[in-house]
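Visitor: I would like to go through this protein one feature at a time. Please show it first, and then I will ask.

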Amino acid sequence: MASSLLLFLLSFLILITSSKSTPTTITIPLSAPSFTELIVSSKNPLGSLSHLASLSLSRAHHIKSPKTNFSLIKTPLFPRSYGGYSISLNFGTPPQTTKFVMDTGSSLVWFPCTSRYLCSECNFPNIKKTGIPTFLPKLSSSSKRIGCKNPRCSTFFGPEIQSKCQECDSTAQNCTQTCPPYVIQYGSGSTAGLLLSETLDFPEKKTIPDFLVGCSIFSIRQPEGIAGFGRSPESLPSQLGLKKFSYCLVSHAFDDTPTSSDLVLDTGSGSGVNKTAGLSHTPFLKNPTAAFRDYYYVLLRNIVIGDTHVKVPYKFLVPGSDGNGGTIVDSGTTFTFMENPVYELVAKEFEKQMANYTVATEIQNLTGLRPCYNISGEESVSVPDLIFQFKGGAKMALPLTNYFSFVDSEVICLTIVSDKVVGPGIGGGPAIILGNYQQRNFYVEFDLENEKFGFKQQICA
């Protein structure tokens, strides 16, 4: 696989070598790919739920690992909606429209690129790997390769990348060597390609020339491109100079009915940043290490189940000097992830408060989720409230459908996932990852200028 990847990169290099007024707010429809509110509607509900749990764990493993060398991640492939949210952006001159996964847990914006684009293990529902739309640089007059001496090459890779620009003399001003290829690993796959400078166009709103974007020619398990909304310089918010951005995620549907809400990009120019009423806020934290610089950390002080405050050790709630621990908000993770010691405290408290219901042991074994309960024959079911309390007093009281889901007409499961590793220690990276399934029907706001995260519950459809 590695040799094939290098071959594709080489082919891409050869191919490329031959080849107004400013508004303060931009609104983009934010579509939810087909998923499930009641997973019972799936032809294989157990497989769907188990696979989504597996994807959430894979994504968590990626987030919790420092950005090191490329390695292949193999996870079960199951025909499903991929559990994320997508937007459409227009790149090039004339513009070419491309769909992107909106991801607050990474920073590079990249699209499937050139007629030679290949994607391995990319047969998703309604997406065939041979039919994935691609961006064609040769049809865009504004498409330019990023050179080795371009400052953004060093910003993206680090200053040590200059050692790979061997064709460039240290005094050369017009070196034509291309910035080396990138390889990025995600929880459920990877992508590789070259950096381009392109024009990003918001029709009748704003045009951004010289936007840094990835032209991927080979991917593994990536249904679409990715729009990185993380905290690094190459992210979309950083390049646009956004003061804040916000979204409200609609509940996932499974029937492919097109539903959407708005992703709002606020430049804050003109009359200043627009203020949203009724939000609860908590400040962003900075991880002390560069390995996890992309992520939006918040300080989760307490987890409350019913009337019980779960006693989570402090070391899991705040990033340590090694960068491990703490809580991040991630739109690219489906189910919320918790480090095993934290998860065990949460799961056992639910089990304690719901002890009068029948445990669905077989479903737990099949899906990897816990606890699960068979509620057939029950006239009503009492499920404890789940509240996340953050620094500054902000409280996120989750709707029941955001943390318990039907597997079939008789069984419900807690939709929080964890590793099976048992032990008191902290694994690498964030200890808690707040996924998009738990963010549904909340208006959430990333206030970049004031370094704070805001939210309020509302119906997003």
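Visitor: How many helices and strands does the secondary structure of the protein come to?
Guide: The model is a predicted one, and this applies to every value that follows. Its secondary structure comes to eight helices and 28 strands.

Visitor: What percentage of the residues in the protein is buried?
Guide: A residue counts as buried when its relative accessible area is under 20%. The protein has 461 residues, and the buried part of them is 55%.

Visitor: What is the accessible surface of the protein, and what percentage belongs to carbon and sulfur atoms?
Guide: The accessible surface comes to about 19,400 Å². The part of this surface that belongs to carbon and sulfur atoms is 53%.

Visitor: Which strand pairs with β15 over five bridges?
Guide: β15 covers residues 300-305, and its partner over five bridges covers residues 386-390. The pairing is antiparallel. Within it, valine 304 stands opposite isoleucine 387. The partner strand is β21.

Visitor: Which strand is joined to β15 by three bridges?
Guide: The two strands run antiparallel. Isoleucine 305 of this pairing stands opposite threonine 308. The strand that holds residues 308-310 is β16.

Visitor: Which residue takes a positive phi in the hairpin of β15 and β16?
Guide: The hairpin has two residues between its strands. One of them has phi near 65°, and that residue is glycine 306.

Visitor: Which residue in β20 is the bridge partner of valine 359?
Guide: β19 and β20 pair in the antiparallel sense over two bridges. In β20, the partner of valine 359 is tyrosine 373.

Visitor: Where does proline 94 lie, and what is omega of the peptide bond that joins threonine 93 to it?
Guide: Proline 94 belongs to the loop between β2 (86-91) and β3 (96-103). The bond from threonine 93 to proline 94 is cis, and its omega is about -5°.

Visitor: Where is proline 371, and which residue does a cis peptide bond join to it?
Guide: Proline 371 is in the loop between α7 (361-367) and β20 (372-374). The bond has omega near -5°. The residue joined to proline 371 by this cis bond is arginine 370.

Visitor: Is threonine 114 buried or exposed?
Guide: Threonine 114 is in the loop between β4 (110-112) and β5 (118-120). Its phi is near 70°, a positive value in a residue other than glycine. The relative accessible area of threonine 114 is 3%, and the cut-off for buried is under 20%. Threonine 114 is therefore buried.

Visitor: What is phi of aspartate 210?
Guide: Aspartate 210 is placed in strand β9 (residues 206-220). At 41% relative accessibility, this aspartate counts as partly exposed. Aspartate 210 is a residue other than glycine with a positive phi, near 55°.

Visitor: Which residue forms a salt bridge with aspartate 210?
Guide: Side chains of opposite charge can pair when their charged atoms come close. Here the closest N and O atoms are 2.8 Å apart. The pair links distant parts of the chain, 58 residues apart, with the partner in helix α3 (residues 151-157). That partner is arginine 152.

Visitor: How many residues apart are glutamate 344 and lysine 348?
Guide: The two form a salt bridge, with the closest N and O atoms 4.0 Å apart. Glutamate 344 is partly exposed, its relative accessible area being 21%. Both residues lie in helix α6 (residues 340-353), about one turn of the helix apart, which is four residues.

Visitor: Why does the pair of glutamate 351 and arginine 370 tie together parts of the protein?
Guide: Their side chains meet in a salt bridge of 2.7 Å, N to O. Glutamate 351 lies in helix α6 and arginine 370 in the loop between α7 and β20, so the pair ties together parts that are apart in sequence by 19 residues.

Visitor: Which residues are linked with Glu344 in a network of salt bridges?
Guide: The structure holds seven salt bridges. In the network, Glu344 is linked with Lys348, Glu351 and Arg370.

Conventions:
Residues are numbered from 1 along each chain as its sequence is written. This is a predicted model: local features need pLDDT of at least 70, side-chain atom pairs count only at pLDDT 80 or more; totals for chains, interfaces and linings use all residues. Side-chain values use heavy atoms; hydrogens and water are left out. Two strands pair if DSSP finds at least two bridges between them. Buried means under 20% relative accessible area, exposed over 50%, partly exposed in between (1.4 Å probe, protein chains only). Accessible areas come from the Shrake-Rupley method with a 1.4 Å probe; for residues, only the protein chains shown count as cover.
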